[in-house]
Every structure is written in C-alpha cells, then in structure tokens.
Amino acid sequence: MNSVRPYCVCVLLLFFVGCANKNQTTTESKAGVVHLTYWPAPNPEEIQLADTLVRQWNRLHPDIQVLMQPIPVSQSTEEVLLAAIAGKTTPDICSNIWPGALHDYTEAGGLVELNKFPDFDSVMAARTPHDLLETFSTDGKYYQVPWKANPVMMFYNIRMFREAGVDSVPRTYSQYFAAAKKITRDTSGDGQIDVWMGERDIRPLWWQRLFDFYPFYIGASSGLTLFRNDSVAFENRYADEVMGFFQQCYAKQYFPHTFFQGGDPFLLQKKATNFSGPWFIATIYKLAPYLRFGVAPLPVPDDHTGPVFTYGNYKNIAIFSTTKHPKEAWQFVKYLISAQHDLLLLKIANQLPVRGDLLTNKLFAEYFRENPLMVKFAEEVPYTRGDDPAPDLKEILDGISQEYEACAVYSKKTPAEAIHDAVKRTKVIVDWNK
Amino acid sequence: MKKRLNIRHAWKQSDKTGFWFVSPYAIFFFLFVAYPLCFSFILIFNRWNIVTPMEWVGLRNFDRMFRDPLFFKSIVNTLVFLLIHIPLQICVALGLSLLLNSKIKMRGFFRAIYFLPVVVSGVVVTILWQQMYSFDDGVLNRLLTLVGLSRIPWIVDPSFAMPSIAIMATWKNVGIYIVLFLVGLQGIPNELYESANIDGANDRQQFWKITLPLLNPTIIVIVVLSTIGGFSLFIEPYVLTGGGPLQSTLSGMLYIYNQAFYFGHMGYAAALGFVFALIILVVVLLQRKLIETEPTS
Amino acid sequence: MKTVTKYFLLLIGMVIFAYPFLWMLSGSLKPELEIGGLGLWSPHFTMAAYKNVLTKIPIIRAFLNSCLVSLSVTASVVVFGSMVGYALAKLHFIGRTALYLLILFTMMIPFQITLIPQYVLMVKLGLVDTYLSLIMPTMMSGFSIILFRQFFMSVPQALIDAARLDGCSDLRILFRLIWPLSRPVIITVAILTFMTSWNDVLWPLIVVRNQSLMTMPQLVTIFVIGGQAEAQLGSLLAAATLLALPVIIAYAFFQRYFIESMASTGLKG
C-alpha cells in the first residue's frame with residue numbers, strides 16, 4: 001500500500017492543479033440576465049470613462065449587465081487580442097481596436113460583421129461622414145465602429161520658447177531647426193546638454209513610428225500613406241525628407257541619444273516640443289498643471305503648400321464573434337457612441353469622437369468654448385489619414401523603426417538608403433503574404 | 001514460421017510490468033516530443049498565425065528567410081557571442097579551477113561563491129548587470145572613472161552590446177564549468193605529475209603537456225554546452241536590450257520569439273527554429289572534429 | 001605560484017562573484033538617490049522599495065505559483081523518471097534498448113524545433129493560461145531518466161530477485177527498496193529539475209498572460225520590461241532580490257548537492 005503513496009500524491013496534486021483554474025467568468029448566472037464583458041484601453045482616463053458609462057448602463061439595464069475589464073497592461077493590445085482570439089477568451093466588446101491590426105482579427109473570423117445589424121447604416125449615417133466611414137470598411141463590410149481620433153500634432157512649451165527667444169511657432173523644418181538651435185543647451189553648466197528641442201524613444205518600437213515618422217510623412221506628402229492600391233509606395237522624396245529631418249534632429253543634438261528615465265521630459269520641461277494626440281492635454285493637466293503650452297500642426301518641408309495633413313490614430317469599437325449575445329452587445333456599442341457619451345469621451349479622456357458634427361452640434365459647443373486647444377485638434381480631423389489595411393502592418397512599421405534607428409538615431413545610413421531598405425523589407429513581407 | 005514463434009516467445013518472456021512502467025513516458029513522448037516534431041515539419045511549410053486557417057506556402061518561408069537581413073544578423077550576433085563567450089569562459093574557469101585544485105584552505109567556500117550566480121535566475125542576473133552596465137552611473141563605469149579611465153558605453157553602443165552580454169553570461173555560467181574542470185582535474189593521475197617532476201619539467205610545461213591534453217574531453221563538453229547555450233540565448237537580451245541597439249543583440253531565439261509571439265508568424269518562426277537547429281547540429285559536429293585530439297598515451 | 005598570490009586571486013574572484021549580489025541587496029534597501037554609489041552601507045536604509053514592489057505586482061501570489069509549478073514538475077520528474085529508469089535498468093521487456101536509444105535521441109533535439117509546436121499544442125488543448133500548461137511539457141525529462149537508469153544499473157540484481165521471492169511487486173521494490181538506496185540520484189534529479197523549472201522564463205512568457213498565474217521570474221521580467229517599475233532602480237533591485245532570495249536560501253542549505261548535481265550535467269555532452 002505504502003509503495004503507491006507517492007504516486008497517489010502526485011496524481012492528486014495534478015488533479016488540484018487542474019481544478020485550480022476553473023474560475024472563469026460564466027456568461028449566464030441568473031435566468032434572463034445577459035452578461036457582457038467589455039475591454040477598454042488600460043489608460044486611467046479611459047478606464048474612468050468606461051467605469052462611468054458601465055455603471056450608468058448597468059443601472060439602466062438590469063437585464064443586460066456589463067463587466068468592465070481593462071486590457072492587461074503587460075503587453076500591447078494587439079498581442080493580447082490575438083492571443084485571446086487564439087484561446088477563444090475574447091470579450092464581447094473591445095473599444096481599443098487599432099485599424100492597422102484589424103486584418104488579422106477578421107482573417108481569423110474573430111469579429112462580428114456589424115453592417116448586418118438592421119440599424120447600422122442609420123446609426124452610422126447620423127454620426128460619421130460617409131466618405132470617412134468608408135475608409136474603415138473591409139471589402140464593403142464593416143467590422144469596426146470608428147470611435148475616436150487622436151490627430152497627432154505638435155505640443156510646445158510656451159515658456160521655453162519665450163525664454164530662448166523663439167517668437168513664432170515653427171511651421172517648417174528650417175524654422176524648427178532654427179528654434180531648436182536656440183532652445184537646445186546646457187543650463188546647469190556641466191558640459192552636458194540638459195534641455196532639448198524634442199525627444200523620441202530611441203528604442204526601435206514599432207508603434208513609436210506612429211507618432212514621428214508616419215504622421216510627418218503624411219504631412220510632408222499631403223496625405224499619402226505607406227501603400228497605394230495595395231502596393232508599397234513610400235520610396236519617394238517625402239519619405240527621404242522626413243527621415244532626413246529626424247537624422248538632423250539627432251545629428252545636431254536637438255534630440256537626446258539617451259533613453260529617458262524618470263517621467264516624460266516634456267512634463268519635466270526638459271524638451272520644448274512633443275508630438276502627440278489630444279489625450280496628452282489631459283496628461284499635462286493631471287501631472288504638470290503649471291505647464292503653459294500651445295498646439296500647432298507638425299512641421300513640414302520648407303517648400304510645402306496647402307493644409308498640413310497628419311495621422312489620425314483612430315481607435316475603434318468591435319464586437320467579437322465569441323459573443324453569445326450580439327444584439328445586446330450592439331445595443332451597448334450604440335450606447336457608447338451616442339452624442340451624450342461622445343461628450344463624455346471629450347470631457348473625461350480628451351479624445352475626439354469620430355463625428356461629422358463636432359464643431360457644429362450645440363451639444364459640444366460649450367466644451368469647445370472651454371477647451372480652445374481641443375478646437376485645433378477638431379479642426380485637424382478632416383486632414384487626417386488612418387492606417388493602411390495591409391496585413392502585417394505592425395512588422396512593416398517595425399522595419400521602418402529599425403531603419404529610423406539606423407539612419408536617424410545613429411546616422412549609419414543616408415535617409416535614401418534607409419527608406420530604400422525599409423521598402424525592401426516591406427516588399428519581402430508583402431510578397432510572403434500574397 | 002520460426003520467426004513468428006520467436007516473437008511470440010519473446011513476448012511471453014517480456015516483462016509486462018515494464019510496459020506499465022514506461023507507459024507514462026510513452027504518453028508524454030507522443031504528446032510533447034513526437035507530435036511537436038512531426039507538426040513542426042508541417043508548420044515550416046505553412047503561413048499561420050494560429051487564429052486564421054493554416055495556409056500551405058511551400059518553400060516560401062525559406063525563401064523569405066534568405067532575404068531576411070534579421071535572420072543573418074541573428075546568426076552573426078550568436079557567433080559573435082560564442083567567439084567571446086567560449087574562450088573567456090574556458091580561460092576563467094580553467095584558471096579558477098587550477099587555483100582551487102591546489103592545496104588551499106576554504107576551497108569549498110570559494111567554490112560555493114563562484115557557483116552562486118549559476119543557481120540564481122537569469123532575470124536577476126540581467127537586472128543586476130543592467131544597473132552595473134549603466135552608462136552614467138553604473139558600477140562598472142564608476143570604477144573606470146575612479147581609476148582614471150573613460151567610461152565604456154557597455155550596452156548602448158552597437159559594437160559593445162553583444163560582448164557585454166557575453167561577459168555577463170560568462171559571469172553567470174562560469175561556476176558550472178569550474179566544477180566540471182575540477183572533476184576533470186581530479187581525474188588526472190598524480191603519478192603523471194610526479195614522473196614529470198623527475199624528468200625536470202617545470203609547471204608551465206606540465207600544464208601544456210599533461211593538464212591541458214587530459215582535460216580535452218572536459219573542454220569539448222564545455223564548448224558544446226556553451227554553444228547550445230549560446231544558440232538558446234534569450235532572456236539576457238530580452239530584458240537587457242530588447243535586441244538593440246541596431247539589432248546588435250538580436251539572438252536567434254529572440255528573433256524566433258518575436259516572429260512567433262510578437263508578429264504571430266508561427267510557420268515562419270518554426271522554419272527559423274528548424275534552420276537554427278540544423279545550424280546548431282553542424283556547429284557542434286564541427287567543434288567536436290576540430291577540438292578532439294587523439295588520446296595521448 | 002606563491003600561496004599568497006593564489007589567495008589574492010581567489011579573493012579577487014570572490015569579490016567579482018559576490019559583490020554584485022551584496023550591492024543588489026544593499027541597493028534595494030537604499031533610498032533612490034544613493035543607489036548608484038559603490039559602497040554597501042547607508043545610514044538611511046528603508047523598506048520603501050519593497051513596499052512599492054509588493055503593492056504594484058502580486059509577487060507573493062507569483063511566488064506561490066512558482067512553488068506549485070516547480071514542485072509538481074519535480075515530483076513528476078522524480079516519480080515517473082525513476083519508474084522509467086527502473087524499467088530500463090532492471091525489467092526485461094521488448095523494445096527496451098530501442099526505448100533507451102529513443103530517449104537518448106530526444107535529448108539531442110534542440111528545443112528551438114519543438115517550442116512553437118508545443119505552444120500550438122497548448123492552444124489546441126485549450127490550456128493556455130492554466131497551471132497545467134506550465135507543468136505538462138516538463139513533467140518528464142530524458143536526462144533524468146538516463147541518470148536514474150545509470151544509477152539503478154548498479155543496484156545488485158540479487159537484491160531485487162530476493163524481494164520478488166518475498167512477493168513484492170515492482171512498484172513496491174522501486175519505492176520501498178530502491179528509493180531509499182538512491183538518495184544521491186534522487187536529490188540530483190530533484191535539484192536540477194527544480195532549478196530549471198524555477199528559473200525558466202521563456203515558456204511561462206509564452207503560455208501565460210494572466211497576471212495571477214504568472215511565475216515569479218516571469219512576473220519580475222514583465223515588471224522590468226513592461227515599464228511598471230517606472231525606472232525606479234530601488235524597485236527593480238527589490239524585485240530582483242525577492243526573486244533571488246528563495247533560491248539563495250535553498251542553495252545555502254544544500255550547497256554541496258547543488259554543485260554535485262550540476263557536475264553531473266557534464267555527462268550530458
């Protein structure tokens with residue numbers, strides 16, 4: 001008998017281990033009550049917004065209870081969602097869908113086709129202009145509701161500009177360099193520069209390019225994106241100029257070569273400009289309320305004419321096909337995008353709802369009167385571009401990131417070489433995906 | 001007819017408990033060895049991100065690999081790592097084990113200290129060295145400035161980063177190899193040294209003529225183990241540098257991980273793993289051939 | 001070489017291998033501004049960094065997870081490994097040599113080949129984000145089977161025959177008769193398995209994304225690279241110290257066994 005004991009212990013142990021993880025949320029608990037899971041983005045503002053909206057919803061709809069769970073911060077949303085689709089553990093609704101990754105989700109059959117809901121067209125027509133809406137369709141079908149836009153613009157520190165004697169906000173590359181020359185300096189006298197014109201994370205993280213190379217490229221080219229008619233189309237002078245611009249920023253030490261530790265240097269007033277979306281306003285108000293800052297379009301090449309385009313950084317809402325209650329989920333989505341709650345999105349998260357009537361609807365008028373900086377972002381929305389619906393866009397941006405690192409940060413390549421190599425790598429990825 | 005009888009006879013003779021005893025392993029083998037092995041042969045010819053249906057692409061994964069600069073970069077990086085790591089490892093381990101093997105007190109204590117980094121997780125070691133390698137206020141650069149030397153951009157400069165990781169890996173693993181060398185040294189019969197002494201050979205001659213040749217098997221083991229370890233290098237660059245700067249610390253394993261779990265390319269990652277396994281095999285065989293000497297009489 | 005020189009070199013080696021750990025321990029206790037210094041003592045020692053780590057990540061839970069996973073794996077490797085090793089050494093069944101060669105062959109397969117398919121298997125079995133996915137793929141190891149076999153070969157056959165005559169089953173022979181004789185090999189296998197399992201990061205990173213199931217090294221890794229530490233050196237060092245402590249304590253007690261176990265890995269080549 002004794003001889004079997006270690007064996008039994010082991011089997012028992014494994015049994016417990018197996019049972020220990022059965023605590024998954026069940027969809028139905030009480031009869032008649034539908035339970036939905038909703039994943040918002042994990043930043044504090046959006047969690048607060050989601051929390052407010054979900055509480056109110058649960059009060060109003062005792063029969064459809066929504067559970068709010070922010071996407072785990074440990075990995076990128078795309079990684080988490082792809083893993084969740086693979087493991088069939090997706091939520092019912094997620095409001096942090098990056099259109100650049102939509103292709104992977106739809107290929108996998110992970111998303112519900114929203115245009116099948118009878119009132120989809122009317123709901124969307126009332127909110128988003130038709131032409132803009134169409135840019136979010138996949139072969140005429142809609143798997144996402146365009147929810148919010150964050151046009152990338154240039155934030156600048158008014159005090160730092162004034163102290164350095166920069167009178168006007170730079171509009172072109174040469175004006176930017178001229179201002180940078182005055183601003184970048186060593187204030188403590190230890191021989192090391194400690195105040196910069198700008199700063200970018202020098203690690204080659206693909207999504208960082210969505211806030212420097214990509215919006216600048218859209219700006220320089222007046223609205224071109226990486227692809228045209230499904231083929232790679234960024235080996236051109238605009239891309240070279242943008243890469244050259246960043247190379248200059250690093251070569252002339254207007255941007256630091258080190259990795260910043262201990263908080264955002266713009267908030268610490270160590271850099272004078274920052275390229276970001278309107279949500280950054282909320283961050284400033286929260287972490288550095290004393291900071292005086294302005295917002296302007298991104299710098300463009302000297303010979304640029306016409307309006308300055310930029311990247312819209314759209315984040316959308318989707319319903320996952322694992323849902324057992326598509327109708328109720330759609331009801332909740334409509335609730336999220338109603339005019340009232342779009343106003344909350346503005347107020348709590350400082351992000352722009354993708355609506356045609358932002359600047360005309362009386363509902364928003366008071367908000368924009370109180371937040372004049374947000375008007376600048378709202379005015380920029382018509383000149384935004386989104387993400388190419390190409391498969392593996394993430395890896396393509398990763399390739400561009402590596403060239404950015406080699407060319408801009410370390411000056412190991414000329415801009416033309418870097419763009420050429422990025423295009424070459426992109427083509428390998430595109431070919432492989434055919 | 002006779003053969004069949006033999007089989008039946010053998011079956012009768014065979015110990016049934018034996019089957020019973022190895023049955024757990026059989027299940028394990030099929031699930032975690034045979035199935036993955038077979039499946040990887042299918043996977044390398046497919047494009048698949050786990051969630052979409054698998055798509056047969058023939059040799060396209062390999063075609064992509066040979067046009068993929070990062071694949072070549074990761075091989076070069078691994079070779080750079082091994083070229084620094086292996087000689088350094090052998091020199092340090094041999095030196096310390098020779099010291100430990102002589103008549104000294106507290107041998108066990110010293111050995112225990114040198115072995116300490118081996119038992120600690122690679123994550124701890126990496127966090128620790130991340131601080132020590134820090135350019136502005138790391139321990140190493142402080143020491144350098146203390147003795148009047150200029151600071152070294154350990155992990156921020158592309159040409160220093162991989163050597164820095166190799167040094168760190170040596171620090172972590174050298175304890176194992178000290179122990180292996182000690183085992184090897186204790187296996188050398190004392191009479192050899194005694195007769196060499198009579199012949200008038202000095203310490204240096206004894207080292208080159210007796211110690212080193214007789215440690216050859218140990219050295220082969222160390223080289224092979226370090227090579228396999230080098231091709232599995234993952235957590236150190238993952239935590240310390242993320243593969244940068246300029247991809248100079250992108251190891252093979254890190255690239256496979258990125259392709260599989262960052263970009264979701266299971267098929268391509270499997271193909272990379274397959275090719276890396278082949279490379280390991282070839283390198284290890286080559287090493288054996290090169291280092292193995294005829295057993296000295 | 002003079003004895004003094006020898007001791008001097010050995011001491012330098014000792015400083016190189018031990019100082020970083022002491023520096024880590026002292027750095028985790030120092031206030032943030034003093035950490036960069038080379039000295040190990042500070043009059044301002046504080047537990048702030050540990051408090052910070054404990055509030056930010058569920059590291060106690062991760063410690064228990066790691067214990068559960070590593071202990072299960074170790075128990076399984078020792079129990080099943082010794083069974084297979086016993087069968088290979090002492091039981092005569094068809095295919096014994098073939099199985100032995102097969103196990104030797106599996107030890108030569110680089111894990112680069114099997115890693116991705118094993119993950120796929122976990123996904124297919126629906127085991128991603130469970131303890132089972134952390135335990136199952138390492139429940140047996142060819143190397144420990146070989147170690148057991150080698151050791152059991154030296155057990156006199158007469159002993160086993162005598163026990164059989166007394167009517168003992170093979171299970172009883174293995175666990176009651178041979179196990180007590182095999183303490184060295186069991187300890188070796190247990191220590192090697194436990195250490196490998198405890199220190200593994202790659203596999204947990206792949207199959208577990210749920211924070212409450214993460215193992216300790218995995219959680220600390222994500223704490224470091226995920227930016228949750230917010231570049232506070234003290235917190236990083238405190239997390240590293242917490243991660244290192246259990247192993248160092250175990251090492252302090254079983255130091256000899258640790259080193260002897262590792263020496264046996266040399267056979268692997």
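How many salt bridges are there between chain A and chain B? The count is two, a salt bridge being a side-chain nitrogen of Lys or Arg within 4 Å of a carboxyl oxygen of Asp or Glu. Arg67(B) and Asp431(A) meet through their side chains in a salt bridge, at 3.3 Å from N to O.

The model is predicted, so local features need pLDDT of at least 70 and side-chain atom pairs count only at pLDDT 80 or more, while totals for chains, interfaces and linings use all residues. Residues are numbered from 1 along each chain as its sequence is written, chains are lettered from A and ligands numbered from 1 in the order in which they are written, and side-chain values use heavy atoms, with hydrogens and water left out.

To the contact, chain A brings 27 residues and chain B brings 25 residues; contact means heavy atoms within 4.5 Å. About 2400 Å² is buried between chain A and chain B, and carbon and sulfur atoms give 56% of this. Buried area is the accessible area (1.4 Å probe) that two parts lose on being put together, summed over both. In chain A, the residues that lose the most area to chain B are Glu395(A), Val428(A) and Trp432(A), together 29% of what that side buries.

Glu34(C) lies in the loop between helix H1 (3–29) and helix H2 (48–56) of chain C; helices are DSSP runs (H or I, at least four residues), numbered from the N terminus. Not counting residues up to four places away in sequence, Glu34(C) touches Ser42(C) and His44(C). From Glu34(C) to Met262(C) is 228 residues in sequence and 37 Å in space, C-alpha to C-alpha.

Note on methods. Helix = DSSP H or I, 4+ residues; strand = E, 2+ residues; numbered from the N terminus.
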